[in-house]
Amino acid sequence: MSLVNFRSYENLSLEFPEGLILLEGANGQGKSNLLEAAYLLAIAKSNRASADREMVNSQARAVPHAHAQIMADLTLADGDVRLQVDFSVSGASLAPSSESEARFAETATFHKSFRVNGVGRRASTVVGILNAVMFRAEDLELVYGTPSVRRRYLDILISQLDDRYLRSLQRYQKILAQRNHLLKRIRQRSASSDELQFWDVELVAEGAFIIEQRANALSSLNAIAAPLHSELGGVDDRLELVYRPSVDMPPEITVDIAAEILTEGLTEERDREIAQGFTTLGPHRDDVEPQIDGMEASAYASRGQVRTIVLAMKLAEAEHLKIRRGQEPVLLLDDVLSELDANRRALILDKASLYQQCFITTAESDIIGPERLSRMNRFDVAIGSVRPVPTTTQ
Ligand SMILES: Nc1ncnc2c1ncn2[C@@H]1O[C@H](COP(=O)(O)OP(=O)(O)OP(=O)(O)O)[C@@H](O)[C@H]1O
Ligand SMILES: [Mg+2]
């Protein structure tokens, strides 16, 4: 992997071995930045940046025509692939004049572009070439957070397996925006409600497909997550991720059934939607409820139990990708070890070692234990650099 002007890295080029890779270093040294780079290549989106410019090195940003890049040469089951993301200043009109350079550094917007084997590609067609699953300490949000967090969990998982799903999601978002705009115009009496018919058909066409895909993914995930959860928690309590679509659906959901129910729902809700000026039904309102023995985890489970649920959900995501793709995802474990007791730390490391490549960050490598540490590929991360830990000290 090589990084140019990405976050804290001005220039880095490194070869990572297979197996467990331990990225060690004090807080703020750039460990998570490395995982973010890998994640970005896989998902075509950062797991934490809200704007692309944040990811461009702050020193480099001050220079006109600043450029940043992440590149990785991957050995995948179906051959070798080079993935690349470039960040460049968007819009020629933004080129700075000398007196406005300082301001430019503060305001320039960047956009990212993707290449696969040197050929430019749209972001949506890059997702799924390299599969990745990231675990972070913040992932407790999967249970405690808003429904959007759980929708994203499902959407990223399914998108990595099927680019039709990602395209359908993108179309759905556009249709939703148009339909909401129309609802507002109808409310203001500047459009007629007859115009809704067209957008309802469009919304249902994409929406029913998304609902069916989510229901299918959840049933596969449950089959994997429940036994993982029992093993990790050392209990028989059954974990189930229950689909909660915005309209009640029967247990067996097909595209046709979802389309029919969604259409009926939209007809029933029409007046209310016009009054509110936005679309109240559809996959943008779906949720997934993690339950333990039929009880809502967010309300009843302890924090430690929630941690176990989240680990099971993440490992299930990885396992599902592995089974469906016939290719193991890269695991990215950011700061999760210190949150776990020794027992579960050992279990997670055992599970992670079954994958071809797993990156683990930690600020305290002592918690791992000398025997396990000696079997890991250790790297020392310090601002701007990543160096193998010399074997004499391993
Ligand atoms: N665009 C950028 N340009 C330069 N430096 C950046 C940029 N974005 C982030 N950084 C720097 O990267 C560092 C944070 O990196 P990162 O989040 O990877 O740390 P970490 O090693 O994971 O720390 P922790 O152990 O606290 O999680 C900070 O020093 C921050 O200033
Ligand atoms: Mg970090």
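Q: Which helix gives the most to the shell around ligand 1?
A: In this predicted model, helix 1 (residues 31-43) does, with three residues. The shell holds 19 residues, and N27, K31, S32, N33 and S58 come nearest to ligand 1.

Q: What makes a residue of the shell around ligand 1 count as polar, nonpolar or charged?
A: The residue type decides: Asp, Glu, Lys and Arg count as charged, for example, and Gly is among the polar ones. On that basis the shell divides into four nonpolar, eleven polar and four charged residues.

Q: How do you know whether R7 is buried or exposed?
A: Count the C-beta atoms: R7 has 21 others within 10 Å, and a residue is buried at 20 or more. R7 is therefore buried. R7 is found in the loop between strand 1 (2-6) and strand 2 (9-13), and its phi is near 50 degrees, a positive value in a residue other than glycine.

Q: And what makes N117 buried or exposed?
A: N117 has 12 other C-beta atoms within 10 Å, and a residue with 12 or fewer is exposed. N117 is therefore exposed. This residue lies in the loop between strand 6 (110-116) and strand 7 (119-121), and its phi is also positive, near 50 degrees.

Q: Why is helix 1 called mostly covered?
A: Of its 13 residues, 13 are buried. Helix 1 reaches 19 Å from its first C-alpha to its last, close to the 18 Å expected at 1.5 Å a residue. After helix 1 comes A44, with a positive phi near 65 degrees.

Q: Which strands stand at the edges of the open sheet, and why are they edges?
A: Six strands form the sheet in the order 2-1-4-5-6-7, with antiparallel pairing. Strand 2 and strand 7 each have a single partner strand, so one side of each is left without a neighbour in the sheet. From one strand to the next, the twist averages 20 degrees.

Q: How do you know that strand 1 and strand 4 (residues 67-76) pair?
A: Pairing takes at least two bridges, and three join strand 1 to strand 4, which run antiparallel. L3 stands opposite I70 in strand 4. Helix 1 packs on this sheet, touching strand 1, strand 2, strand 4 and strand 5 (79-89). Its direction makes about 70 degrees with that of strand 4.

Methods
Residues numbered from 1 in each chain as written. Chains lettered and ligands numbered in written order. Predicted model: local features only at pLDDT ≥ 70, side-chain atom pairs only at ≥ 80, totals over all residues. Near = placed C-beta within 6 Å. Helix = DSSP H or I, 4+ residues; strand = E, 2+ residues; numbered from the N terminus. Expected span 1.5 Å × (residues − 1). Axes fitted to C-alpha atoms, helices over the stretch in contact; angles between N-to-C directions. Contact = placed C-beta atoms within 7 Å.
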